[in-house]
Amino acid sequence: MIYKLFLLCSVIISLNAHQTGLSYIELKELQSHKIEVVYKKPLSDKKGKDITIRYPLSCENIVEQDIKISNGFIINKYTLWCGKKGLIGERIWIDGLISKDRGVLIRYEKGETVINSLLRDRTPFIHISQKSSKFDFFIEYLELGFFHILSGYDHLLFVLSLLLLAKRMKQLLFAITAFTLSHSITLAFGMFGVISVGVAYIEAMIALSILFLARELLSKSDSFTKKHIGVVAFIFGLLHGFGFSSALKSIGLPQDEIPLSLFAFNVGIESGQLLFIALVGSVLLQLKKYVPILDIYFRKIAPYFIGMLSSYWLIDRVVSF
């Protein structure tokens, strides 16, 4: 009875597998000193309504907002007047950035001057006259990738499945290396537009990949997957890479910062993934060594838990096509 309640609670918590908390604000100051604003926030971010943009008191909205929904984002377009001085020397503050996996990417442009910054819970403001350093930008995107993977329950369930399928440490390391290499390749391909695949289809295929591994965990036969887990991890890692790239590409990253943000984001993903493997792997080893009955019990229940969640995600994502 207890484990059933645990499964039910886990399902309720985990139904929304991979919600991005990254919004995007583009500010373009014209020669007339009017400021055109484009604000994009993801529909999947249920706390997006809590985010408030605080402009200087001198700013006023002179054009009514044009609101539309496109590619899973709510897009607001409006024009500000902040006096002849514009926004130079002023601060813009974001209220509502209270969790580490959410942020607002802000881009200010005036002539040849371009300022990019990622606002987070610890730095929720930008000073327009101060340009963020490359190092600061790198750290922000590294953190974003780190918390993105830790909040991505579908990707973590795939990694957990690899942990449970691997019989030896060498086999596990090979599988994780293959998975890392393949999703890094398609993350880059997706960001640079080399290959373009619909986000909805990729998300459905990611759910299917997890369901496939859940089925392999239940199989007693010595299948191709169990013999060549690294090959399977590489193939499915290609899909997961496109899933990672959609979190960045769909909000329109500044073109001059794509290489840096892409590299930092990927490093953050790998760091979070390695932390997850280290923690879960340690727990599984301790269970197997000191409480073998719990280890056996967990390995029997886990495939059904993984299969149940991945089946839900697959159906939900296919229905949304």
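Me: Before we start, what does buried mean here?
Reply: Buried means under 20% relative accessible area, exposed means over 50%, and partly exposed is in between (1.4 Å probe, protein chains only). This is a predicted model, where local features need pLDDT of at least 70, side-chain atom pairs count only at pLDDT 80 or more, and totals for chains, interfaces and linings use all residues. Residues are numbered from 1 along each chain as its sequence is written, and side-chain values use heavy atoms, with hydrogens and water left out.

Me: OK. Is Ser182 buried or exposed?
Reply: Ser182 is buried, because its relative accessible area is 0%.

Me: Where is Ser182?
Reply: Ser182 is in helix α4, residues 169-191. Helices (H or I, at least four residues) and strands (E, at least two) are DSSP runs, numbered from the N terminus.

Me: And what is Ser182 in contact with?
Reply: Leaving aside neighbours within four places in sequence, Ser182 is in contact with Ala233, Phe234, Gly237 and Leu238. Contact means heavy atoms within 4.5 Å.

Me: New topic, strands. How many bridges join β2 to β5?
Reply: 9 bridges join β2 (residues 34-42) to β5 (residues 73-81), and the two run antiparallel. Two strands pair if DSSP finds at least two bridges between them.

Me: What about β4 and β5?
Reply: Those run antiparallel too, with 8 bridges joining β4 (residues 60-70) to β5.

Me: Which residue in β5 is the bridge partner of Val38?
Reply: Lys77. Lys77 is also the bridge partner of Asp66.

Me: Last one: where is His33?
Reply: His33 is in the loop between β1 (21-29) and β2. His33 has a positive phi of about 75 degrees, although it is not a glycine. His33 is partly exposed, with a relative accessible area of 24%.
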